[in-house]
Amino acid sequence: QPHTGRLALYLLGLRATCPPASPQRSLVTWLKYYLEEDWTGSRRHGHPLTSYYQYGLGVLALCVHHKRVRTEVIRRLLTAQHHGKLGHGGNTVDTEAVVALAFTCLERRRLVGTGLAAELRAAAHGASKSMAKAQGPDGIIGNIYSTPWALQVFLATGVCQTEPAFGQAMAALLENLEAFGTAATMAQVLPVLHGHSYLDIASMHCREELDTLTPMDMEPLTEVPGNKMVRLVVECPLPWCYELRLYDRPVPVPAAASLLDVLGAAAALEPHEFKFHTQDTPQGPFLTQVLGLEARQEKRNYWQLLTAPNTPLQMGIADYRPQDGETLILRLSEW
């Protein structure tokens, strides 16, 4: 499967570090190749082999490196947005945001003709309005990890001064900074905290950049003594299952255990009954299979994480640390 998203993120990071030479030239060529491979293998389904999120990242990275993108590639994203096909793990905000940033970059860098530029501008502003409507009462847009992406779109499209959702989302972000503990999530939130988006990488004046990077001594996490009991529930509604509740057990774990630790403890307690699988992503492990039931993008379903009775979690399985006595629900859901 093409490594579209991973290579795109690497190229964005490489550009931001102001490399002295041009080691990225061959990597840019590889990214162009991946964009074609990503689509060619899936013409029958009408979407990329990876996801529109990764595909949009690829177009954004090429634009940031001042490389032209074939009109057909851009049209694929425009068509997907127009027909509401931008789905990603049950949450479309991050995918819509990445695509909107790519559109804004192509239009701003004048890498497309006048007519197409107008379409891209309208599509990006449409995505911005859609994200504002998707904002919850807590200020979060989509989930806490999608919120920096939405804020980048507000900044890139220039609506941050007039859009009330911007200030509310920024306040929510500042209240939840502890959620951003991985390199990938930090990379999404840091530009926003400084009033920038990934588009600003394209216009950096590298000769003015000072080498101020210094190693940071990381203090180990403090051990939390004692244990806690977490109730783990697995739900599978129709049409996938005839029985809604497939698993319901209390699971004893150390006091500092994450949701991922809870899943591991459940598997250790009942290795023949409780099984799960995860997939590594830049944002951390992503839950893909529970009790033999696999969530797949082509089936438009995913494993939703909730705390009882019905509150979606704003963190991933490796970051969320449940309280003693809390009930966690893994629910196979449709997006």
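## Helix H5 and its surroundings

Helix H5, which spans residues 93-108, has 16 residues and reaches 22 Å from its first C-alpha to its last, close to the 22 Å expected at 1.5 Å a residue. The model described here is a predicted one. Of the 16 residues of H5, 14 are buried, so the helix is largely enclosed by the rest of the structure. H5 is followed by Arg110, whose phi is positive and lies near 55 degrees.

### The protein as a whole

The protein contains 10 helices and eight strands. Of its 335 residues, 46% count as buried. Among the contacts between residues at least 6 apart in sequence, 64% join residues that are at least 24 apart.

### Helices packed against H5

The axes of H5 and H7, the latter covering residues 147-157, come within 8 Å and cross at roughly 25 degrees. That angle makes H5 roughly parallel to H7, and H5 passes H7 in a left-handed crossing. On the side of H5, the contact is made by Val93, Asp94, Ala97, Val98, Ala100, Leu101, Thr104 and Arg108, while H7 contributes Trp149, Ala150, Gln152, Val153, Ala156 and Thr157. Sorted by class, this contact of H5 with H7 has nine nonpolar, three polar and two charged residues.

The other partner is helix H3, made of residues 52-64, which packs with H5 at an angle of about 25 degrees, with the two axes 8 Å apart. H3 is therefore roughly parallel to H5, and H3 passes H5 in a left-handed crossing. In this contact, Tyr52, Tyr53, Gly56, Leu57, Val59, Leu60, Cys63 and Val64 of H3 meet Asp94, Thr95, Val98, Val99, Leu101, Ala102, Cys105 and Leu106 of H5. By class, the contact of H3 with H5 has 13 nonpolar, two polar and one charged residues.

### From H7 to H9

H7 also packs with helix H9, residues 183-193, at an angle of about 35 degrees, and the axes of these two helices are 9 Å apart. The crossing of H7 and H9 is left-handed. Here Pro148, Trp149, Leu151, Gln152 and Leu155 of H7 meet Gln188, Val189 and Val192 of H9. The contact of H7 with H9 has, by class, six nonpolar, two polar and no charged residues.

| Helix pair | Axis separation | Angle |
|---|---|---|
| H5 and H7 | within 8 Å | roughly 25 degrees |
| H3 and H5 | 8 Å | about 25 degrees |
| H7 and H9 | 9 Å | about 35 degrees |

### Helix H6 and what covers it

Helix H6, residues 114-133, has 20 residues and reaches 29 Å from its first C-alpha to its last, close to the 28 Å expected at 1.5 Å a residue. The buried residues in H6 include Leu116, Ala117, Leu120, Ala123, Ala124, Ala127, Ser128, Met131 and Ala132. An α-helix has 3.6 residues a turn, so residues three or four places apart point the same way. What covers the buried residues of H6 includes helix H4 (71-82), H5, H7 and helix H8 (164-175).

Pro164 lies in helix H8 and is exposed, with a relative accessible area of 54%. The C-alpha atoms of Pro164 and Ala132, which are 32 residues apart along the chain, are separated by 8.3 Å, and Ala132 is one of the buried residues of H6.

### Two further sites

Cys18 lies in the loop between helix H1 (4-16) and helix H2 (25-40). At 16% relative accessibility, Cys18 counts as buried, because the cut-off for that class is under 20%. Cys18 and His205 are 187 residues apart in sequence, yet 8.6 Å apart in space, taken from C-alpha to C-alpha.

Thr288 belongs to strand E4, which is made of residues 284-290. With a relative accessible area of 13%, Thr288 is buried. Leaving aside residues up to four places away in sequence, Thr288 touches His277, Thr278, Gln279, Leu293, Glu294, Ala295 and Trp303.

Definitions and conventions
Residues are numbered from 1 along each chain as its sequence is written. This is a predicted model: local features need pLDDT of at least 70, side-chain atom pairs count only at pLDDT 80 or more; totals for chains, interfaces and linings use all residues. Side-chain values use heavy atoms; hydrogens and water are left out. Helices (H or I, at least four residues) and strands (E, at least two) are DSSP runs, numbered from the N terminus. The expected span of a helix is 1.5 Å times one less than its number of residues. Buried means under 20% relative accessible area, exposed over 50%, partly exposed in between (1.4 Å probe, protein chains only). Axes are lines fitted to C-alpha atoms, for helices over the stretch in contact, and angles run from 0 to 180 degrees between N-to-C directions. Angles under 35 degrees count as roughly parallel, over 145 as roughly antiparallel, 65 to 115 as roughly perpendicular and the rest as oblique. A crossing is left-handed if the near helix is turned anticlockwise from the far one by less than a right angle, and right-handed if clockwise. Contact means heavy atoms within 4.5 Å. Ala, Val, Leu, Ile, Met, Phe, Trp, Tyr, Cys and Pro count as nonpolar, Asp, Glu, Lys and Arg as charged, and the others, Gly among them, as polar.
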